[in-house]
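Here are my notes on the model, as numbered points. Please read them with the structure open.

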Amino acid sequence: MAVSPIPDDKLQNSDFLTDVLAGLSEEQKTLPCKYLYDEAGSRLFEQICELDDYYLTRTEAAIFREHITAMAQQVGPGALIVEPGAGNCEKVELLLEHLQAPSGYYPIDISPEILLAAKARITARLPNIEVTASIGDFTQADVWQGLKDITPRKRVLFFPGSTIGNFTPEHAEVLLEFFASKLSRGDGLLIGTDLVKDSIVLERAYCDSEHVTEEFNKNILARINSELNANFDLAHFAHRAFYHPLRQRVEMHLVSLKSHTVQIAGRKFEFAEGETIHTENSHKYSISGFNRLLSSAGFTPIRHWCDSEQRYAVHYAQIS
Ligand code: AVJ
């Protein structure tokens, strides 16, 4: 099994201060979206998932409920389910319950508290499934090492939630290639993607009427203030999210409402009125576009399941 990590320049892995200073020094100021998800941000994201305007979470859940038998059949007997970025491991439960004689579950996550609590819950509910929790960043090689000691009939990577949409297609290909390097012939990937659609629906999902996404977006500035000794005034920034049809993605930005200067760890950053910090991308795919991405990363697309409105898709692909 290949164990090399994804190179740092391709996928993110450095420290908060370095990344913030570098991102805000660029012509188009940016902040890596992974920093949106501290404890407060993760709580806000959970609130987003419950919003009427944010259709992704409930649509994906409905697809899983409706097609779980077919999905479990596609995965087949004796599988080990591997979930990078598993978090609270709630989405996988339905699948684990429906699998025929699964050989185990291998969740990977950076948060030991959340992961160990999830392991306890799954072990209590599904005592026949062996859970091996691996703590760390799933883009690094070490968290995959434990797989060497498990020899299931097949391995299936589970990557729901349209998390792949956070990566540009170029980086998504690198990540999927990395995933493929952890698998062998016949192994699979079950992955969720949001689909291209009417921009009004998309923009409402990221600019919700209850302003939770605004709070989520601005939380990154609050985090920089408290962790990096900075003086962002959150009232000087507005939340903006729009669909970019050529790039096929929703971009989330923070717009400076006036010309002003912010200090971070002793360094000064100038903001012009109307200038933005780009904080997150959420890429949308067509079925054929995502199949092309899967193929270029070394997977063979096998089938997919959608909701009746074609808003969202869950794909199954394998290593041939
Ligand atoms: C967690 C990446 C799937 O892009 O829809 C939601 C993050 N950001 N609202 C998404 C998010 C603002 C979400 N993902």
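Which side chain does the side chain of Lys29 meet in a polar contact of 2.6 Å?

1. **Lys29.** The partner is the side chain of Glu275. A polar contact here is a pair of N or O atoms within 3.5 Å; within protein, one must be able to donate a hydrogen and the other to accept it, and residues adjacent in sequence count only if both atoms are side-chain atoms. A polar side-chain atom of Lys29 also lies 2.9 Å from the backbone oxygen of Glu270. Lys29 sits in strand β1 (residues 29-30). Lys29 is buried, at 7% relative accessibility. Buried means under 20% relative accessible area, exposed over 50%, and partly exposed in between, with a 1.4 Å probe and protein chains only. Beyond four places in sequence, the contacts of Lys29 (heavy atoms within 4.5 Å) include Leu24, Phe271 and Ile277.

2. **Basis.** This is a predicted model: local features need pLDDT of at least 70, side-chain atom pairs count only at pLDDT 80 or more, and totals for chains, interfaces and linings use all residues. Residues are numbered from 1 along each chain as its sequence is written, and side-chain values use heavy atoms, with hydrogens and water left out. Helices (H or I, at least four residues) and strands (E, at least two) are DSSP runs, numbered from the N terminus.

3. **Ligand.** The ligand is surrounded by 14 residues, each with a heavy atom within 4 Å. The closest are Tyr54, Gly161, Tyr206, Glu280 and Ser282. A side-chain N or O atom of Tyr54 is 2.5 Å from a ligand oxygen. For Tyr206, a polar side-chain atom lies 2.6 Å from an oxygen atom of the ligand. Glu280 places a polar side-chain atom 2.5 Å from a ligand nitrogen. Taken alone, the ligand exposes 350 Å², and the protein buries 96% of that. Areas come from the Shrake-Rupley method with a 1.4 Å probe; for residues, only the protein chains shown count as cover. Helix α2 (39-49), α8 and β11 each supply at least two residues of the shell.

4. **Helix α7.** Tyr206 belongs to the buried set of α7 (residues 199-206), together with Val201, Leu202 and Ala205.

5. **Cores.** A nonpolar core is a set of buried Ala, Val, Leu, Ile, Met, Phe, Trp, Tyr and Cys residues joined through side-chain atoms within 4.5 Å. The largest has 66 residues, and Ile81, Tyr105, Phe232 and Ile264 touch the most other members. Helix α3 (residues 56-75) gives the most to this core, with seven residues. Apart from it lies another core, of 30 residues, including Leu147 and Tyr285.

6. **Phe237.** Buried or exposed? Phe237, in strand β7, is buried, with a relative accessible area of 1%. Its contacts beyond four places in sequence include Phe232, Leu254, His260 and Ile277.

7. **His304.** This residue of strand β12 (residues 300-306) is partly exposed, at 33% relative accessibility. His304 touches Ile287, Val314 and His315, not counting residues up to four places away in sequence.
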